Amino acid sequence: MIDTAPLLEMRGIVKSFPGVQALRGVNLTLHAGEVLALLGENGAGKSTLMKVLGGADHADQGGILIDGREIPFHSLKDSRSAGVAVIYQEFNLVPSLTASENLFLGHEITRGGFVARNQERRSATELFKRLGVEIDIDTPCRRLSTAQQQLVEIAKALAFDARIIVMDEPSATLTSYEVGRLFEIIRDLKRQGIGIIYISHRLDEIAAIADRVTVLRDGKNVGDRPIKQITRNEMIELMVGRDLKDEFPKRNSMIGATRLEATGLRRGRTVQNVSLTVRRGEILALTGLVGAGRTETVRLIFGADARDAGTIRLDGKELTIRSPKEAISLGIGLLTEDRKLQGLILKHSVRENFGLPNLTWLSHRGFVRQSRERRELDHYIGLLKIKVSNQEQISNHLSGGNQQKVVLSKWLARNCEVLIFDEPTRGIDVGAKYEIYLLMNELAAAGKAIIMISSEFPEVLGMADRILVMHEGRVTGEIKDVRQATQEQIMQLAMS
Amino acid sequence: MVFVLLLLCAFFSAKTYKEQSPTGEAAAKDVAAAILEDFKNAPRVLIVTSEQPGDAAFSKKLERDLLASGVRILGIAKGEPKDAREALQKIVTASEKLEAIACTQVTGGWLLFSDLKTSFPALGEPKVITPKTYRWPDFLKSDNLLNIANQIAVIAIVAIGMTLVIITGGIDLSVGSLLALSAVLAAKFIRDFAGGMTATPMGMLLACVVSILLCGVVGLFSGLMITRFGIPPFIVTLAMMLVGSGLAYIIAKGQSIYQISDSFVWLGRGADFFELPNAVVLMLILYALAHILMSRMKQGRYLYAVGGNREAARLSGVPVQRVLMFAYIASALLAGLGGVIMASQLKSGSPTYGTMYELYVIAAVVVGGTSLSGGEGKMFGTLTGAFTIAVIQNGMNLTDVESYTQKVVLGLVILGAVLLDRNRHRA
């Protein structure tokens, strides 16, 4: 399926932002009918490169060729008319509009000034059928699940008759069934001659769907190989620039007495009679498929949602936790799944975000000890190797991985005895992941009780002392001997 | 935004730049100095003043200064040219001569003095001495600047509370009505319970405190509606605006309550600290405290956090509901304080006070750089915003812009000021 001129060629793309050179002369080629996996650590330049391709950002130097002809890419319109559709990691849907309306947003089907709603709805229904998805096209998008919204996004790109589709971490919130469907659709698109750029950190998936792999590191293209000619380790090496012997650091678990005990937690239909315990020095992994109710369960423990029933005991003493404030004062911390919406105040600086849950002990008689705050933050910037130009940098400008580190730092400073990590390494590059795993091990070694929610089974098997699997609001199984456990075992429990 | 404010000041200074002439004691000093310089040997002087404000002070000081320097004052004429003519006549009759006639700017220009040689030859040739003129913008005269500050004091103080509310991502439309309610309540309490025209300072103080606290109760109610029932602040405070205004009219029976002791105007019209109006001093103190709250205190950080991302703040342990209550109660209390100051300025409480004030207050906050979406904004920015509005209004008054046209201009200039400020930040 390789034509004479490649479908897409990006040549010598250079892009700088104040203080950092994101792209230093990147070349990228995509052929019609192929899936190109774009790999790289956070901060390597993948998102920036795709923003340039999508017309959202303008390259300082370099050019983009479609079918061998150079085309200006100054705006979203240019990009669209060149046949490029980008599906971003964060959704671009209007929550109050329906799936059908979102699909045709900006290019509604009109007749004489009026929107031809029925025609749109028919097209939308057909498109979703092709995707093999059952979505009520008349529901407002905010009532759809994250996974369903993702599928609407993909349908949107398809509605544009794009020839080049960029997918940025599309499978992060999909169940394996939906990922399977997605791959079938991608193969279908390949047969139609559409070229796909697939960005993901899930190396297993890439092995399953990609034809070729391009690796970016520090703003440059450091490797371009057919998938059959590169191993998983080689991919990691190229991304990180070093050989990662083990993806997960070794640990010697020293597990002590029960720290937290939750029994009979219940909230509506999403959490039904869930009980769990976690001990000092232990990492308990809470896993399952998307929608299993894991986040909802820990939110009950943290006081973020009100529970219908259930008791929570800390060191044997029963607690009434009615708000996050109470949970925090008792030494429980929660790193949320969605760091942008719930973990950080994006328009505030790193320092302000760091300080927020810590103001109770950083203040004296209502006044914040600002010098102490700065010193503490400096300590964590060093410890976690957070890349910031200075403490006052606005959080929104940091890369995903660094944002996660800032969130981490604020809870570490709080010195919580029970830490709940909800998908701590989602959307984070391999190098930073390892650092986070090391940190979790250190925390456990220091006697903290850790609950880790994760959807990545390798991660669960690599990090946990004990595994709890959930499915549709219930605990379906507990795995105590992690070393003998397999991914299939977990999957079984996750689907039962 | 300070840049824009300075730009406006420069503009109005340029437009009102003209010949100024001192009056009162300053003028007297000037004239006395001039006379002593020109005439070394105990000159004989006639002082001529009119009924202008400041002339009495001029005359008194001049008399004192001249006498102290050994000058002989042969007469002091006050009022009309004919009074001056009479005085001159008296001097002639007494066979005296005159070295100088000390005049104000106004009296020096009287026709009477233009041809003294012909009309009063026996006087010798007295020189008419007037205060030296200088060039200075009307806008920058200290009277005018203090006037600006005094005019804006009420709005600026209420704007402190509005800034807090807007930073949390909300809005308070009720402040104008609360201002009226507080003014009416204070006046009524003074009239009916503290003795009215013979009220004691303690009685008046108590009346004011109670009025302000009652406004605080309204703020508490608004806060509860917003936090417990989740009703949008716009709706709640809009409703309170109507309720508050209605209550003010009911309590005042639609009238202005004016039977208040004269000493009540101390806050609104007095100037006891370095000649600064008391209301302005209070405003500065409150702004300093508010600034400290927002920049150095935990509660300030919480306010910013709630406005920046309410859910993230909650999940970080911020007591969101308490913080919001604080903002709305503070706003109501400050509106109450504004009402009391206004009542003090006008020595009466009327339900018509504060009409449309919420818009000016919001304008001050927004012009000062605070974002309506919440999470950011500086107290001193609001002060700058308030002054910007005041400067625009004052400048238009000085340059004789018609009052209806002023409204149009104010609206457009506010828009222009914000655009200019945004452009500078983007650049």
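Predicted model: local features only at pLDDT ≥ 70, side-chain atom pairs only at ≥ 80, totals over all residues.

Colleague: Okay, and in which sense do β6(A) and β9 pair?

Modeller: In the parallel sense, over four bridges, with β9 covering residues 164–168 of chain A. Two strands pair here if DSSP finds at least two bridges between them. Helices (H or I, at least four residues) and strands (E, at least two) are DSSP runs, numbered from the N terminus.

Colleague: What's the strand order in that sheet?

Modeller: The order is β6-β9-β10-β3-β11-β12 in chain A, an open sheet of six strands with mixed pairing. Its edge strands are β6 (84–87) and β12 (220–226), each pairing on one side only. From one strand to the next, the twist averages 20°.

Colleague: How are angles defined here?

Modeller: Axes are lines fitted to C-alpha atoms, for helices over the stretch in contact, and angles run from 0 to 180 degrees between N-to-C directions.

Colleague: Switching topic. Arg187(A), buried or exposed?

Modeller: Arg187(A) counts as exposed because it has 12 C-beta neighbours inside 10 Å. The cut-offs: buried if 20 or more other C-beta atoms lie within 10 Å of a residue's own, exposed if 12 or fewer, partly exposed in between, with C-beta atoms placed from the backbone. Arg187(A) is part of helix α6 (residues 176–191) of chain A.

Colleague: How many residues are in contact between them?

Modeller: 16 residues of domain 1 are in contact with 14 residues of domain 2, where contact means that the C-beta atoms, placed from the backbone, lie within 7 Å. On the domain 1 side, helix α8 (residues 232–240) of chain A gives the largest share, three residues. That side of domain 1 has six nonpolar, eight polar and two charged residues. Ala, Val, Leu, Ile, Met, Phe, Trp, Tyr, Cys and Pro count as nonpolar, Asp, Glu, Lys and Arg as charged, and the others, Gly among them, as polar.

Colleague: Now chain A against chain B: which elements of chain A supply at least two residues each?

Modeller: α10 (324–329), α11 (339–343), α12 (350–355) and β20 (367–368) of chain A. The contact takes 22 residues from chain A and 20 residues from chain B. The chain A side divides into twelve nonpolar, seven polar and three charged.

Colleague: Over to chain B. At what angle do α13 and α15 pack?

Modeller: At about 100°, with the axes of α13 (residues 298–308) and α15 (residues 320–346) of chain B 10 Å apart. That makes α13(B) roughly perpendicular to α15(B); angles under 35 degrees count as roughly parallel, over 145 as roughly antiparallel, 65 to 115 as roughly perpendicular and the rest as oblique. Among the residues that meet are Tyr302(B) and Leu303(B) from α13(B), and Leu324(B) and Phe326(B) from α15(B). The residues of this contact come out as eight nonpolar, one polar and no charged.

Colleague: What about the sheet with β3, β2, β4 and β5 in chain B?

Modeller: That one is open, with four strands in the order β3-β2-β4-β5 and parallel pairing. β3 (72–78) and β5 (127–129) of chain B each have a single partner strand, so one side of each is left without a neighbour in the sheet. Helix α2 (residues 24–38) of chain B lies across β2 (44–49), β4 and β5, at about 150° to β5(B).

Colleague: Last one: which phi does Phe274(B) have?

Modeller: A positive phi of about 50°, although Phe274(B) is not a glycine. Most residues other than glycine have a negative phi. Phe274(B) lies in the loop between α11 (266–269) and α12 (278–296) of chain B, and Glu275(B), in that loop too, has a positive phi of about 65°.

How values were computed
Residues numbered from 1 in each chain as written. Chains lettered and ligands numbered in written order. Contact = placed C-beta atoms within 7 Å.
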